[in-house]
Amino acid sequence: MDKRFSNKSAWVTGSSRGIGRVVAAHLASLGARVAIHGTSPTSTRAFGEADSLQAVADEIAQEHGADVLPVHGDLTDEALVDGMVDQIRARFGQIDILVNCAGGDIGAQGTMGENAGKPIHNDAVHVALADIHAVLDRNLLTCILVCRAVAPEMMARKAGRIINIGSIAGLGGRTNGAIYAAAKAGMHTYARCLAHQLRPYNVPVNVIAPGGIVTPRFLASRPIANEQMISEGTLERYGTSQEIADAVAFLASDAASYISGQVLRVDGGGQLWPA
């Protein structure tokens, strides 16, 4: 069995549901000790994926025989971020792999609002100020605060991996989802800046930019092209969370030891211009 991450510890933010949950489970299947994260102990309930964060941890632990720690808190609060990092270090000793998956085009109304929480006016001009703050904070500020809390220990050891989950939305202009696109573009650039700073410390930093990936929230937040709801035979389809998890595992592995500062689109070739 492939246990490439035996004796490694990973923290996957935004892993109570959706892509993050699958990423966390996949890293656990490859031998990692995993800290999963949600904003609250019951953020798993937003789209019916589980009753609680603890239930997700128990399921991953049982399925993969892994050590799984649930932590929860608002990643825009620096003190709470530091507290969660302390919890993880107390349990696992250190964080070897950081995956920043928390985010989403979710405005001030939260995930239970209209269109699964997307800003009501979601363009570059008419979007509400509260939604601007919510989307920027959820996607960019969270990434920065978590990286600031975790990177120093990796620098001290001269070892570690940081992988941010961006979006193809951050690689081009668009009217719908303009602030989300701007936030993800900011995340991409922050990752490149961090990658440059961490070169002397042997810590690669990369971004995965998914295209349309089928999750319960994805299905609840937009019109769905039914012809793309297939799993094989063509790349003109939606992707799966497992395909993102496989890319994360590659970038976290020794096979990617000399790859840093890159944005890897996992979108079936939907975007074909230079990143």
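Me: Is Asp-2 buried, partly exposed or exposed?

Reply: The model is a predicted one, and the general idea is that a residue counts as buried under 20% relative accessible area and as exposed over 50%, with partly exposed in between. Asp-2 has a relative accessible area of 38%, so Asp-2 is partly exposed. Arg-4, at 40%, is partly exposed by the same cut-offs.

Me: What joins the side chains of Asp-2 and Arg-4?

Reply: A salt bridge is read from a distance, since a side-chain nitrogen of Lys or Arg has to lie within 4 Å of a carboxyl oxygen of Asp or Glu. The side chains of Asp-2 and Arg-4 meet in such a bridge, with 2.5 Å from N to O.

Me: How many salt bridges are there in the whole structure?

Reply: A search of the whole structure finds 10 salt bridges. One of them is formed by the side chains of Arg-45 and Asp-51, at 3.4 Å from N to O, and Arg-45 is partly exposed, with a relative accessible area of 46%. Another pairs the side chains of Asp-96 and Arg-157, at 3.6 Å from N to O. Here Asp-96 lies in the loop between helix H3 (78–92) and strand S4 (97–100), while Arg-157 belongs to helix H4 (residues 129–157), so the pair ties together parts that are 61 residues apart in sequence. Asp-96 counts as buried, at 8% relative accessibility, whereas Arg-157 counts as partly exposed, at 27%. Salt bridges that share partners join Arg-89, Asp-96, Glu-153 and Arg-157 into one network.

Me: How should I read distance along the sequence against distance in space?

Reply: Gly-113 and Met-84 are 29 residues apart in sequence, and their C-alpha atoms are 27 Å apart in space. Gly-113 is found in the loop between S4 and H4, and it counts as partly exposed, at 21% relative accessibility. For another pair, Asn-139 and Ile-165, the separation is 26 residues in sequence and 9.4 Å in space, C-alpha to C-alpha.

Me: Is Ser-43, in its loop, buried or exposed?

Reply: Ser-43 lies in the loop between strand S2 (33–38) and helix H2 (53–64), and with a relative accessible area of 15% it is buried. Not counting residues up to four places away in sequence, Ser-43 touches Ser-16, Arg-17 and Gly-38. Ala-256 lies in the loop between helix H7 (241–252) and strand S7 (263–266), and Ala-256 is buried too, with a relative accessible area of 0%. Its C-alpha atom is 8.5 Å from that of Pro-204, although Ala-256 and Pro-204 are 52 residues apart in sequence.

Me: What pattern do the helices and strands follow along the sequence?

Reply: The chain has seven helices and seven strands, and read along the sequence they follow the pattern β-α-β-α-β-α-β-α-β-α-β-α-α-β.

Me: Why does the radius of gyration agree with a compact globule?

Reply: The idea is to compare the chain with what a globule of its length would give. With 275 residues, a compact globule would have a radius of gyration near 19 Å, and the chain has 17 Å, which agrees. Of these residues, 52% count as buried, and among contacts with a separation of 6 or more, residues 24 or more positions apart account for 71%.

Terms used:
Residues are numbered from 1 along each chain as its sequence is written. This is a predicted model: local features need pLDDT of at least 70, side-chain atom pairs count only at pLDDT 80 or more; totals for chains, interfaces and linings use all residues. Side-chain values use heavy atoms; hydrogens and water are left out. Helices (H or I, at least four residues) and strands (E, at least two) are DSSP runs, numbered from the N terminus. The radius of gyration is taken over C-alpha atoms; the globule rule is 2.2 Å times the number of residues to the power 0.38. Buried means under 20% relative accessible area, exposed over 50%, partly exposed in between (1.4 Å probe, protein chains only). Contact means heavy atoms within 4.5 Å.
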